[in-house]
Amino acid sequence: MKVLNEGLKKLGVLPLDERQLDMFKKYTQILLHYNQFMNLTRITDIDEIIVEHFLDSLSIVGMPILESAQEIMDIGTGAGFPGIPIKIYYPNKHMTLLDSQKKKVEFLDEVIDTLNLERIEAIHGRAEDIARDIKYREKYDVVVSRAVAPLPVLLEYAIPFLKVGGCFISYKGPNVYREIDKAQRAMEVLGAELIDVEEMEILNSNKTHMILKIDKTTKTDSRYPRRSGKPKKSPL
Ligand code: SAM
């Protein structure tokens, strides 16, 4: 796990302490164990897990918007990326992990238990449905998401969860500018504004890691998100 702190140094942020490093070690063990029976990750090499799952997830730590956030949600978290690494890095922040697959949520509950994580919940459901629940709608300072949907679809999932003034941080790959072009209308309709596009330099990775920051500027119309499946079928 030492390479994790080397990677954080390269990102210019504070290192993890022994306790946090131990949590990442346990997380790796549970991930690889459950991956034998269920489809959690294609990556099974430990060094690659550290780079492409842990360091990629942690590439946004230290950003002022995240430092000041109290309530964070990860949409379509799967095996917990980027939500669990961010939660381990920031033990005092509240994290909501959301996924539409029940089995993944059961796995996340196991991780939460084993790592003794507090101020975290894993919920089962589709973003389109959960965003209509007043317990979750417009309650978050930051929403994160990686590898879930094209940007116009993702915006309809994410923006309704944010408070006005909150920020959606989207992890994207090399086609990010094409996705941004297609997302102009969605941003207008949902009350969101692209603030920044940044390429992250991840230690030992030869992939392109792009981070988008999108601010929520106005309250989202109650028509959004549309009913389950509709954002994907006919993006805004
Ligand atoms: N974010 C993780 C990562 O980067 O490793 C998982 C990515 S996986 C390709 C996409 C995940 O998004 C799946 O676990 C799927 O169940 C979830 N998902 C897809 N559409 C969703 C929706 N509308 N609401 C909630 N979860 C969704």
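1. Let me start with Thr28, which, leaving out residues up to four places away in sequence, touches Met1, Ile46, Ile49 and Phe54. Thr28 sits in helix α2. With a relative accessibility of 3%, Thr28 counts as buried because the cut-off for that class is under 20%. Please keep in mind that this is a predicted model.

2. Next comes helix α1, residues 2-11, where Val3, Leu4, Asn5, Gly7 and Leu8 are buried. Which elements cover these buried residues of α1? Among them are α2 (18-34), α3 (46-58) and α5 (83-89). Just after α1, Gly12 has a positive phi of about 80 degrees.

3. Neighbours within four places in sequence aside, Leu4 is in contact with Leu16, Leu21, Phe24, Ile50, Phe54, Leu55 and Leu58. Leu4 is also one of the residues with the most contacts inside the largest nonpolar core, which has 53 residues. A second, separate core has 33 residues, including Ile75, Leu155, Ile180 and Leu212. As a general point, nonpolar side chains in soluble globular proteins tend to be buried together.

4. Ile120 belongs to strand β3, residues 120-124. Is Ile120 buried or exposed? Its relative accessible area is 13%, so Ile120 is buried. Beyond residues up to four places away in sequence, Ile120 touches Ile84, Lys87, His94, Met95, Leu97 and Ile112. Ile84 is 36 residues from Ile120 along the chain, and their C-alpha atoms are 9.1 Å apart.

5. Now for the ligand, which is surrounded by 16 residues. The closest are Gly76, Phe81, Asp99, Ala127 and Arg146. A polar backbone atom of Gly76 is 2.8 Å from a ligand nitrogen, and a backbone N or O atom of Ala127 is 2.9 Å from a nitrogen atom of the ligand. On the side-chain side, an N or O atom of Ser100 is 3.2 Å from a ligand oxygen. On its own the ligand has 600 Å² of accessible area, and the protein covers 81% of this.

6. How many salt bridges does the structure hold? There are twelve. One of them pairs the side chains of Arg126 and Glu128, at 3.0 Å from N to O. Arg126 is partly exposed, at 31% relative accessible area, whereas Glu128 is buried, at 2%.

7. I would finish with the salt bridge between the side chains of Lys216 and Glu138, at 2.6 Å from N to O. Lys216 is in strand β7 (residues 209-216) and Glu138 in the loop between α7 (127-130) and β4 (140-146), so this pair ties together parts that are 78 residues apart in sequence. Lys216 counts as buried at 2% relative accessibility, and Glu138 counts as buried at 17%. Through shared partners, salt bridges join Glu138, Lys216 and Lys219 into one network.

Notes. Residues numbered from 1 in each chain as written. Predicted model: local features only at pLDDT ≥ 70, side-chain atom pairs only at ≥ 80, totals over all residues. Heavy atoms only, no water. Helix = DSSP H or I, 4+ residues; strand = E, 2+ residues; numbered from the N terminus. Buried < 20%, exposed > 50% of the residue type's maximum accessible area, 1.4 Å probe, protein only. Contact = heavy atoms within 4.5 Å. Core = buried A, V, L, I, M, F, W, Y, C linked by side-chain atoms within 4.5 Å. Near = heavy atom within 4 Å. Polar contact = N/O pair within 3.5 Å; in protein donor to acceptor, adjacent residues only side chain to side chain. Areas by Shrake-Rupley, 256 points an atom, 1.4 Å probe, with all protein chains shown as cover. Salt bridge = Lys/Arg side-chain N within 4 Å of Asp/Glu carboxyl O.
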